[in-house]
Amino acid sequence: GNVSALGLDYSEDRYYHRGHTWLKPGDDGTVTIGLDELAKHLIGTPDSVKMPEIGDAIELNQAAWRMKKNGKEIRVRAPIEGTIVGIGSPLEGWYVKIRPRLDLKEPATLRHLLRGPEVRGWLGRELERLQLQLRAPNTPPALADGGVLLPDLMNAVPDADWETVLADTFLEP
């Protein structure tokens, strides 16, 4: 089954990058990439999105696309290297399709990504970090009753230290 924590669903047919993107291999040899559930809950709907162009070469961990929310710029890191062959949007639930530079059948190609049981431990640590970071003075806890992460946390908890939260979530140096 899927990994679920605090109402976040992590599907078993995908690989996850520590910068909170997912990667789903397609039958045609391309991979589709989107924001994972935690990132979607943090940002809600971005105010603007700056996408790459078809044909752009993307390196691993380079910014695959950029978003703005409440005046903050968010650089979303590519979970794999290759060439952009498709552009999605927040509404479509995915952002880019990439033709990987390396063979997906080689175990090393996706080894840096998380899958299955690894996802649970990583997600648990990320949620603990978030709870600590969002526990700003005089703000409600970030978790709603019943242990579900609130959607659109950037708007729900505006006084949190979003610079730090976003830097840690999206692996800013």
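Predicted model: local features only at pLDDT ≥ 70, side-chain atom pairs only at ≥ 80, totals over all residues.

Biologist: Where is Leu-171?
Modeller: Leu-171 is in the segment after H4. Its backbone is worth a look too. Leu-171 has a positive phi of about 60°, although it is not a glycine.

Biologist: Why point that out?
Modeller: Because most residues other than glycine have a negative phi.

Biologist: What about Asn-70, what is its phi?
Modeller: Phi of Asn-70 is near 50°, a positive value, and Asn-70 is not a glycine either. Asn-70 sits in the loop between E8 and strand E9 (72-77). With 39% relative accessibility, Asn-70 counts as partly exposed.

Biologist: Let's switch to rings. How many aromatic pairs are there?
Modeller: The structure holds 3 aromatic pairs. Take Tyr-10 and Trp-122. They form an edge-to-face pair, 6.3 Å centre to centre, with 85° between the planes.

Biologist: Which parts of the chain does that pair link?
Modeller: Distant ones. Tyr-10 is in strand E2 (residues 8-10), and Trp-122 is in helix H2 (residues 117-134). The two residues are 112 residues apart.

Biologist: Are Tyr-10 and Trp-122 buried or exposed?
Modeller: Both Tyr-10 and Trp-122 are buried.

Biologist: Which residues do ring pairs link into a cluster?
Modeller: Tyr-10, Tyr-16 and Trp-122.

Biologist: And how are the rings of Trp-65 and Tyr-95 arranged?
Modeller: Trp-65 and Tyr-95 are stacked. Their centres are 4.3 Å apart, and the angle between the planes is 5°. Trp-65 lies in strand E8 (residues 63-69) and Tyr-95 in strand E11 (residues 94-100), so this pair ties together parts that are 30 residues apart in sequence.

Biologist: Why is Trp-65 counted as buried?
Modeller: Its relative accessibility is 1%, so Trp-65 counts as buried. Tyr-95 is buried as well, with a relative accessible area of 4%.

Biologist: Which charged ends sit over rings?
Modeller: Here are two. The charged end of Arg-14 sits over the ring of Trp-22, 4.0 Å from its centre. The charged end of Lys-97 sits over the ring of Trp-94, also 4.0 Å from its centre.

Biologist: Now the inside. How many residues are in the largest nonpolar core?
Modeller: The largest nonpolar core has 45 residues. Tyr-10, Leu-35, Trp-65 and Trp-162 have the most contacts inside it. H2 gives the largest share of this core, 6 residues.

Biologist: What does Trp-162 touch?
Modeller: Set aside its neighbours within four places in sequence. Then Trp-162 is in contact with Leu-42, Lys-72, Leu-134, Leu-153, Met-154 and Val-157.

Biologist: At what angle do H2 and H4 pack?
Modeller: H2 and helix H4 (residues 162-169) pack at about 170°, with their axes 10 Å apart. An angle over 145 degrees counts as roughly antiparallel, so that is what H2 is to H4.

Biologist: Which residues make the contact?
Modeller: From H2, Glu-126, Arg-129, Leu-130, Gln-133 and Leu-134. From H4, Trp-162, Thr-164, Val-165, Asp-168 and Thr-169.

Biologist: Arg-129 is a charged one. Is Arg-129 buried or exposed?
Modeller: At 14% relative accessibility, Arg-129 counts as buried. Not counting residues up to four places away in sequence, Arg-129 touches His-20, Val-165, Asp-168 and Thr-169.

Biologist: Last topic. How far apart are Val-148 and Ala-5?
Modeller: In sequence, Val-148 and Ala-5 are 143 residues apart. In space they are 7.9 Å apart, C-alpha to C-alpha. Val-148 is in strand E13 (residues 148-149), and at 37% relative accessibility Val-148 counts as partly exposed.

Biologist: And Leu-91, where is that?
Modeller: Leu-91 is in the loop between strand E10 (82-89) and E11. Leu-91 is exposed, with a relative accessible area of 84%. Leu-91 and Thr-45 are 46 residues apart in sequence, and 8.8 Å apart in space, C-alpha to C-alpha.

Terms used:
Residues numbered from 1 in each chain as written. Heavy atoms only, no water. Phe/Tyr/Trp six-rings, centres within 6.5 Å; stacked < 30°, edge-to-face > 60°. Helix = DSSP H or I, 4+ residues; strand = E, 2+ residues; numbered from the N terminus. Buried < 20%, exposed > 50% of the residue type's maximum accessible area, 1.4 Å probe, protein only. Lys NZ or Arg CZ within 6 Å of the ring centre and 35° of its normal. Core = buried A, V, L, I, M, F, W, Y, C linked by side-chain atoms within 4.5 Å. Contact = heavy atoms within 4.5 Å. Axes fitted to C-alpha atoms, helices over the stretch in contact; angles between N-to-C directions. Parallel < 35°, antiparallel > 145°, perpendicular 65-115°, else oblique.
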